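Subject: Structure for you to look at

Hello,

Here is the structure I promised to pass on. Please open it beside this email and follow along.

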Amino acid sequence: MSTRERVRVIFADVFDAPDFELRDDMTADDVEGWDSLNHINLIIAIENEFAVQFEGTEIAALANVGDLFALLASRGVTNGGAP
Amino acid sequence: MTEIAELVEREFSALELGMAVEEEVVWNETDVEEFRRTTGDDAPVHRDAEFAGQIGMPGPIVFGLLVVTPFSRLLGCRLPGTLSIIQSLRFDFVLPVLAAEPLRYRVEVTQLSPATRSVTLALTVSRPDGSVVVRGRAQCGLAR
């Protein structure tokens, strides 16, 4: 499963939307239920899925989903699915 | 009911994976009756042995939501402690609990997220023989 699909599945789980469609330009304003607690839930689930840890400043700087993939890439998690 | 033994003020930076606390609790019939009156849950499976047997229970079972109440104390007072608030809780009720059974409660840190200052903890309630009656997961946020 690709990194993008693994992240999509996390979003689908957090927002209880099995067919969740993930876009790079997506922000919290675009998703019903993307509140502060679900934001924390997303970050924790992504950290757990990819065995990475983020800094608070990195999370605060995320403008959209595309930035999240860039942050993952900075940890060595590329769209190919590793690690 | 166990008395509050300690109040632990622990900052996020002091948490470590694998850190754990345990305590033993025994529910008696008075606890069950008080919970019944507090909640208004008069379901016969909690008070009528014959009815409980008819639906496959070994006897009147302790309310599941009563069984998990010690986690409020364990999480809020001991681990993570007084600087934490519960963000989410999930429980699976694996086996029925009967009054007078000694139960072992355990809370263990399983994930730390510095970016969100949140901690994930595994929750278990088990019998003396080791069989798990409740398993769960808590996510708590820390103020600092």
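First, a term: a nonpolar core is a set of buried Ala, Val, Leu, Ile, Met, Phe, Trp, Tyr and Cys residues joined through C-beta atoms within 7 Å. A residue is buried if 20 or more other C-beta atoms lie within 10 Å of its own, exposed if 12 or fewer, and partly exposed in between; C-beta atoms are placed from the backbone.

Two notes on the source. This is a predicted model, where local features need pLDDT of at least 70, side-chain atom pairs count only at pLDDT 80 or more, and totals for chains, interfaces and linings use all residues. Residues are numbered from 1 along each chain as its sequence is written, while chains are lettered from A and ligands numbered from 1 in the order in which they are written.

**The cores**

The largest nonpolar core has 26 residues. B:Leu75 and B:Val107 have the most contacts inside it. Helices (H or I, at least four residues) and strands (E, at least two) are DSSP runs, numbered from the N terminus. In chain B, α4 (70-78), β3, β4 and β5 each supply at least two residues of this core. The largest share, five residues, comes from β5(B). A second, separate core has eleven residues, including A:Val7 and A:Phe54.

Two residues are in contact if their C-beta atoms, placed from the backbone, lie within 7 Å. Beyond its neighbours within four places in sequence, B:Val107 touches several residues, among them B:Phe71, B:Leu75 and B:Leu123.

**The sheet**

Two strands pair if DSSP finds at least two bridges between them. Chain B has an open sheet of five strands, in the order β1-β3-β4-β5-β2, with antiparallel pairing. Its edge strands are β1 (20-26) and β2 (84-93), and each pairs on one side only.

Nine bridges join β3(B) (residues 102-113) to β4(B) (residues 118-126). Look for B:Ser113, which stands opposite B:Ser118. This hairpin has four residues between its strands, and B:Arg117 in the turn has a positive phi of about 50°. Nine bridges also join β4(B) to β5(B). There, B:Ala122 stands opposite B:Arg137.

**Where the chains meet**

Which strands of chain B does helix α2 of chain A lie across? Helix α2(A) (residues 36-50) lies across β2, β3, β4 and β5 (132-142) of chain B. The contact takes nine residues from chain B and twelve residues from chain A. On the chain B side, β3 and β4 are the elements that give two or more residues.

Best wishes

Definitions and conventions. Axes are lines fitted to C-alpha atoms, for helices over the stretch in contact, and angles run from 0 to 180 degrees between N-to-C directions.
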